[in-house]
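Let us walk through this structure together, one neighbourhood at a time. Keep the viewer open beside the text as you read.

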Amino acid sequence: MNWDQLQLKPRIISAVQRAHLKSFREVLVSSEPDLQKMTGLSRPDVQELLHAAASACRTRQPITALQLQRGECRRLESGLRLGTGCPVLDQLLRGGLPAGGVTELAGASGAGKTQLGLQLCLSVQYPVEHGGLSAGALYICTEDPFPIRRLQQLISEQPSLRSDVPPSLIGRLRFSDNIYLEHAADLDSLQVCLSRRAALLLAQGRVRLVVVDSVAALFRSEFQPGDWLERNKQLLTVSSMVHHLSHEFTTPVLCINQVTDVFHQPESSSSSPSSSVSPALGLAWANQVTVRLMLRRLQATVSRGDQSSALRRLEVVFAPHLAQSSRDVAVWREGLRGVLDPVLDPVLAPFGPDVAQQKMVLPLRLGSV
Amino acid sequence: MRRPVSSLSLGSSLKGKLVRAGFQFATDLRDLNPEHLSAEAGVSQQEALEALQAASSGHGVAAVTALELLQKEEEFRSIVTFCSQLDEALGGGVPVGKVTEICGAPGVGKTQLCLQLAVDVQVPAVFGGLGGQVLFVDTEGGFQVQRLVDLAGAAVRHCSLLAEDEEQRVAMTTFTVETILSNVFLVRCRDYVELLAELHLLPDFLPDRPRLRLLVIDSVAFPFLHLHDDLSQRTRLLQGLGLRLIAAATDHNIAVVTTNHMTTRLRGSQAQLVPALGDLWGHAPSIRLLLRWEESRRLASIVKSPGHMDATVQYQITCQGFRDADQSEQPQSKRPRTQTDQSASSRENTRT
């Protein structure tokens with residue numbers, strides 16, 4: 001630690017060195033009386049030391065929102081969004097996943113979460129003007145083996161999904177080369193993977209998307225019900241790692257989560273209204289998430305030509321920049337696509353709670369935004 | 001508090017003469033004129049003047065009367081939230097000069113309210129606002145410029161509809177989305193050390209910006225949650241942080257708004273949702289707003305305030321921002337007031 005770079009009086013620097021204070025951070029977390037005791041400096045000197053350490057710790061000066069909007073500080077607010085490849089879903093997400101922050105995708109088994117994860121691994125590889133980030137993806141599996149065949153199918157059907165992109169461009173992209181697979185069987189290996197492998201790939205610019213499929217699997221298997229304190233600590237550790245990666249490298253991180261049944265809503269204060277399932281891992285994890293999406297399988301089906309798909313609903317549960325709304329989604333050969341006008345099966349119409357819930361949500365006046 | 005003459009900053013011989021003449025306390029000297037004093041104490045006119053000056057000025061802070069405080073408080077307006085029911089319950093809005101905390105579960109609208117306040121503090125004085133600037137400290141990454149633009153646009157439209165006289169129309173020329181964005185200063189802190197550093201540097205930042213009226217920290221909980229290994233250090237740091245925020249609020253006349261997470265606390269066999277960071281942190285804010293869901297409604301409760309009654313109001317978050325709940329959207333209950341009272345009283349019972 002080079003204290004000389006701080007431009008302090010020599011006696012302060014020598015006192016700090018005598019006290020074996022190793023970093024600015026150590027200085028900042030100690031209280032003034034403690035510092036006085038450790039260094040033997042007077043109060044004004046200690047304040048000067050704290051001031052200098054704080055200035056050194058600060059990464060950048062405050063900048064105005066106007067400068068951010070104009071794109072003057074790309075590190076803080078890149079304005080980038082990772083599109084999903086479907087214009088209906090992109091409209092729901094106002095462009096796509098935000099590039100700095102952790103997005104959670106929760107849903108029951110079979111809802112289509114892995115499908116969306118795969119689709120994003122492909123859409124990230126397109127250039128920025130087509131909703132991508134011009135880089136690959138890191139896919140960390142924790143439970144099921146990676147669905148390689150489905151990925152191959154999605155790759156071959158890309159021209160059909162991305163009709164907005166010139167086929168020559170799609171032909172040039174080597175999709176499978178840019179998707180890095182990792183398997184993490186337990187929490188320790190997940191942490192190692194995030195801190196080493198992910199950081200390395202991100203630093204090299206080879207990936208601009210990290211998908212963890214799924215977060216819940218590791219936590220649910222490793223801890224006894226009574227160990228929730230330890231579990232929360234581990235949750236916070238993993239969360240701080242993904243947040244750090246996300247902000248350091250301006251990368252969207254998608255964490256896929258399972259759901260638990262909710263038997264009764266005791267105070268209704270923690271979850272949004274009327275759903276019989278809620279994302280797993282509880283409040284501790286929910287507090288760490290920037291954008292929460294839920295994917296639910298509905299009772300209806302839609303058909304298109306020779307294909308038919310169970311209808312799903314992708315819902316924005318909360319997000320700092322999105323209204324609470326949802327879109328119906330179908331899973332085809334080429335991937336997930338939003339369905340604007342589902343062919344109404346008689347089953348869908350009287351599907352009480354969901355439709356009623358949608359009525360409760362305030363209509364988003366798109367024109368005025 | 002009666003100050004003894006011996007504690008005044010005068011020469012010791014002068015002090016000795018004053019004491020021997022019978023002047024024990026500074027108040028004894030107050031109402032005398034210099035000739036009287038020099039005659040009584042046997043000191044020169046010059047020294048008498050000096051003594052009187054020392055007695056009437058004081059070291060440190062002069063006591064302020066409650067009336068002066070009240071007048072000072074009334075001078076400073078509050079920051080409206082654009083939800084009129086909440087503003088009414090708060091007596092005008094979020095008060096300047098105090099620390100207000102907003103607690104709630106994820107997704108209930110804490111960041112939205114903070115963004116709304118960041119826009120509302122800039123409303124020109126002719127419309128009843130403060131025309132101030134805001135420093136937004138973001139620790140979670142929830143600050144999205146896109147959303148601020150939405151809110152700013154809605155506020156500008158709202159005020160331009162209200163503009164009646166010439167003064168207000170002139171004020172509208174400087175109240176545009178661009179100027180609103182230019183008055184919001186953003187700092188991103190990635191961990192608690194950066195947050196502490198930022199607050200250390202606050203006394204330098206504030207004097208340069210006399211128009212700054214709002215400091216938002218969204219959220220205080222997020223960086224400190226990661227400090228779960230050393231709880232005593234966390235408590236100590238939070239205490240220091242709290243004191244710094246209170247000092248910034250009172251010394252510089254700014255409204256400090258912090259957001260906090262909710263956490264579960266086990267009481268016997270019952271799990272209860274309480275604000276995070278512990279009871280000691282709970283002493284730092286003077287006002288605590290609790291945002292929560294109840295079925296599909298969003299409710300805001302004032303749970304701690306020295307100056308206001310505990311109250312619960314319904315709000316909603318539209319694409320334009322934080323607003324009153326639409327009256328037509330109220331549930332079928334024919335007695336909406338009683339319902340909110342019920343929920344407020346049930347909240348009283350579960351709180352301890």
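B:Gln122 counts as buried because its relative accessibility is 5%; buried means under 20% relative accessible area, exposed means over 50%, and partly exposed lies in between (1.4 Å probe, protein chains only). You will find B:Gln122 in the loop between helix H7 (110-120) and strand S2 (133-138) of chain B. Helices (H or I, at least four residues) and strands (E, at least two) are DSSP runs, numbered from the N terminus. The side chain of B:Gln122 comes to 3.1 Å from the backbone oxygen of B:Ile180. This is a polar contact, that is, a pair of N or O atoms within 3.5 Å; within protein, one must be able to donate a hydrogen and the other to accept it, and residues adjacent in sequence count only if both atoms are side-chain atoms. Beyond its neighbours within four places in sequence, B:Gln122 has contacts that include B:Gly131, B:Val134, B:Phe175 and B:Asn183, where contact means heavy atoms within 4.5 Å.

A word on the model itself. It is predicted, so local features need pLDDT of at least 70 and side-chain atom pairs count only at pLDDT 80 or more, while totals for chains, interfaces and linings use all residues. Residues are numbered from 1 along each chain as its sequence is written, chains are lettered from A and ligands numbered from 1 in the order in which they are written, and side-chain values use heavy atoms, with hydrogens and water left out.

Now turn to chain A, which has 15 helices and 14 strands. Of its 369 residues, 55% count as buried. Have a look at helix H11 (residues 187-203) of chain A: its 17 residues should span 24 Å at 1.5 Å a residue, and the end C-alpha atoms, 23 Å apart, agree with that. The expected span is 1.5 Å times one less than the number of residues. H11(A) has a kink of about 35°, centred on A:Cys193; the bend at a residue is the angle between axes fitted to the seven residues ending there and the seven starting there. At the start of H11(A), a side-chain oxygen of A:Asp186 reaches to within 3.3 Å of the backbone nitrogen of A:Asp188. After H11(A) comes A:Gly205, with a positive phi near 80°. Among the buried residues of H11(A) are A:Leu190, A:Cys193, A:Leu194 and A:Ala198. The partners that the buried residues of H11(A) pack against include strand S5 (136-141) and helix H13 (228-249) of chain A.

Next, see where the chains meet. The contact takes 58 residues from chain A and 63 residues from chain B. About 5400 Å² is buried between them, with carbon and sulfur atoms giving 57%; buried area is the accessible area (1.4 Å probe) that two parts lose on being put together, summed over both. Five salt bridges are counted between chain B and chain A, each being a side-chain nitrogen of Lys or Arg within 4 Å of a carboxyl oxygen of Asp or Glu. A:Arg25 forms one with B:Asp191, the closest N and O atoms being 3.0 Å apart. A:Arg25 counts as partly exposed because its relative accessibility is 38%.

Finally, compare a salt bridge inside chain A. A:Glu315 and A:Arg296 pair at 3.3 Å, N to O. A:Glu315 lies in strand S12 (residues 307-318) and A:Arg296 in strand S11 (residues 291-304), so the pair ties together parts that are 19 residues apart in sequence. Both A:Glu315 and A:Arg296 are buried.
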